[in-house]
Amino acid sequence: MITKEDIEQLKPFQARTIIESLRKGLVPTDYVPFFTVGRQNWLRFIEEDLDGFIEQGGSKVRFINGDYGDGKTHFMSVIRQLALQKQFASSFVVLTRDIPIHKFEVVYQEVVLRLQGRFEGVGIRALVKQWIERQKDCRADLQKLDINFVNALMELQKTPAENELPEETAHSQELLYQWLEGKKVPKKELKRFQIFEVLNKSNSKTFLQSLISFLQLTGHKGLILLLDELETVLAQGASIRSAAYENIRLLMDNTEHSEYLELFFSLIPDVLLSEKGFKAYDALWSRIRSVGDSEALNYRGTIIDLHKTPLKRQELIDLGVCLRKIHEISYRWEAQEIVSEERIADICSKQEEMGILSEVRLFIKQIIRFLDMAEQGHAEQDFNLTENLLISHKEMELEKTRQLEPAWDM
């Protein structure tokens with residue numbers, strides 16, 4: 001957990017940015033350490049995987065299981081930050097209507113567009129441009145890459161011919177970058193570069209392993225992929241769900257037959273338990289049917305079960321104290337006397353009475369709502385804990401319902 005001194009270094013605008021993100025139910029990704037309480041056991045074993053297995057050439061697939069509000073997205077952000085600190089490259093993709101898991105090429109495109117690591121900017125273009133600036137002829141270093149990938153890099157590295165117009169050079173470079181991004185480029189346009197394949201399911205493993213080899217060439221220890229909100233697949237019709245599950249199986253296969261790669265999916269329990277979930281696709285269910293059977297927690301297992309390991313009461317109180325300080329900085333006021341640690345504990349107690357203490361997002365909404373009211377001068381008795389808890393809980397239930405509506409079956 002970040003210290004009080006670290007929080008006090010925040011400027012009012014930074015603090016306000018954090019509060020506004022949390023108010024919307026979003027994780028402020030630039031400030032993830034400020035909210036990392038609990039989960040130490042899970043993080044310890046993930047760190048052990050990165051250091052002792054993935055960095056050495058291993059590969060692994062894990063599922064982060066938790067209900068809405070259990071903190072899955074935040075936990076994935078913590079993993080991403082941990083990976084980046086350890087000099088892995090990482091890509092965090094939220095699965096949505098526009099990035100559905102049943103469209104493999106779209107997911108891959110998003111993965112390379114959101115790539116981050118030991119380079120300025122985001123995405124494979126930024127990575128390649130930095131590599132070109134720092135290298136001369138290093139074809140020998142590219143031996144582990146697929147020949148099409150090598151040819152694309154070498155073409156981008158070439159000095160344009162004297163008689164080549166600037167717009168022709170720009171057009172060629174754009175084609176090559178689009179190919180590296182997994183986009184559909186006409187094969188006839190690629191032949192002159194000695195590139196003969198475009199991304200599809202059958203060559204996806206080759207593309208992925210070439211990407212990882214290139215990342216290693218550029219100083220990365222491997223690649224950590226994080227695919228959030230896999231539960232969106234439950235909103236699909238049967239045929240779309242089957243295609244989605246086939247792609248999940250393909251991604252698992254590609255990971256397990258690769259090196260220096262770890263893949264994380266986040267999902268809700270229904271994906272593992274309901275008949276519309278993984279059980280509906282035998283080729284996938286046969287791979288993972290036993291991963292969640294045991295009641296005992298296996299911190300090295302395939303399932304990272306946040307729902308079975310909720311934050312403890314004191315951890316939530318510590319989180320509330322952290323939020324109080326950030327709110328103080330954001331709005332330049334003194335909150336400690338009005339919003340005491342005892343009052344924060346009362347909010348925990350009220351959630352506990354309703355059987356929803358584990359819902360971290362709900363707790364955060366409650367704390368911010370309470371701080372807002374206190375800062376605006378409302379007396380403590382004006383803030384009805386039960387009423388506001390019910391309002392916040394209803395908002396989250398509506399959000400959950402919207403997310404599971406079958407709105408994009410096609």
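A residue counts as buried under 20% relative accessible area, as exposed over 50%, and as partly exposed in between (1.4 Å probe, protein chains only). By that rule Ser59 is buried, because its relative accessibility is 17%. The model is predicted: local features need pLDDT of at least 70, side-chain atom pairs count only at pLDDT 80 or more, and totals for chains, interfaces and linings use all residues. Residues are numbered from 1 along each chain as its sequence is written, and side-chain values use heavy atoms, with hydrogens and water left out.

**Confidence**

- pLDDT is the predictor's confidence in each residue, from 0 to 100.
- Its mean over the protein is 87, and 89% of the residues reach 70 or more.
- Residues 406-410 have pLDDT below 50. Beyond near neighbours in sequence, this stretch has 12 contacts in the model; a contact means heavy atoms within 4.5 Å.
- Where pLDDT is low, the predicted coordinates should not be read in detail.

**Overall fold**

- The protein has 17 helices and six strands. These are DSSP runs, numbered from the N terminus: helices are H or I with at least four residues, strands are E with at least two.
- Of the 410 residues, 52% count as buried.
- Take contacts between residues at least 6 apart in sequence: 73% of them join residues at least 24 apart.

**Ser59 and its surroundings**

- Ser59 sits in strand S1, which covers residues 59-65.
- A polar atom of the Ser59 side chain lies 3.0 Å from the backbone oxygen of Thr255. The backbone oxygen of Ser258 is 3.4 Å from a polar atom of that side chain.
- Both pairs rest on the polar-contact rule: N or O atoms within 3.5 Å; within protein, one must be able to donate a hydrogen and the other to accept it, and residues adjacent in sequence count only if both atoms are side-chain atoms.

**Helix pair H3 and H4**

- Two packed helices are described by the angle between their axes and the distance between the axes.
- The axes of H3 (residues 40-54) and H4 (residues 72-85) come within 11 Å and cross at roughly 35°. Axes are lines fitted to C-alpha atoms, for helices over the stretch in contact, and angles run from 0 to 180 degrees between N-to-C directions.
- The crossing of H3 and H4 is right-handed. Right-handed means that the near helix is turned clockwise from the far one by less than a right angle; anticlockwise is left-handed.
- From H3, Trp42, Leu43, Ile46, Glu47 and Leu50 meet Phe75, Val78, Ile79, Leu82 and Ala83 of H4.
- The residues of this H3 and H4 contact divide into nine nonpolar, no polar and one charged. Ala, Val, Leu, Ile, Met, Phe, Trp, Tyr, Cys and Pro count as nonpolar, Asp, Glu, Lys and Arg as charged, and the others, Gly among them, as polar.

**Covered helices H5 and H7**

- H5 (residues 104-113) is mostly covered, with seven of its 10 residues buried. Among them are Phe104, Tyr108 and Val112.
- H7 (residues 147-157) is largely enclosed by the rest of the structure, because nine of its 11 residues are buried. Those residues include Phe149, Leu153 and Met154.
- The buried residues of H7 pack against H6 (124-134), H8 (166-180) and H10.
- Asp146 caps the N-terminal end of H7, with a side-chain oxygen 3.0 Å from the backbone nitrogen of Asn148.

**Phe214 in H10**

- Phe214 lies in helix H10. Phe214 is buried, because its relative accessibility is 0%.
- Leaving aside neighbours within four places in sequence, Phe214 contacts Leu127, Val128, Trp131, Leu145, Phe149 and Leu153.
- Phe214 and Leu127 are 87 residues apart in sequence, with their C-alpha atoms 9.6 Å apart.

- Gln194 has a positive phi of about 65° and is not a glycine. Gln194 is in the loop between H9 (187-190) and H10 (204-217) and is partly exposed at 45% relative accessibility.
- Tyr260 has a positive phi near 55°, also without being a glycine. The loop between H11 (238-256) and S5 (261-267) holds Tyr260, which is buried at 17% relative accessible area.

**Ser242 in H11**

- Ser242 is found in helix H11 and is partly exposed, with a relative accessible area of 32%.
- Ser242 and Phe278 are 36 residues apart along the chain, and 9.4 Å separates their C-alpha atoms.
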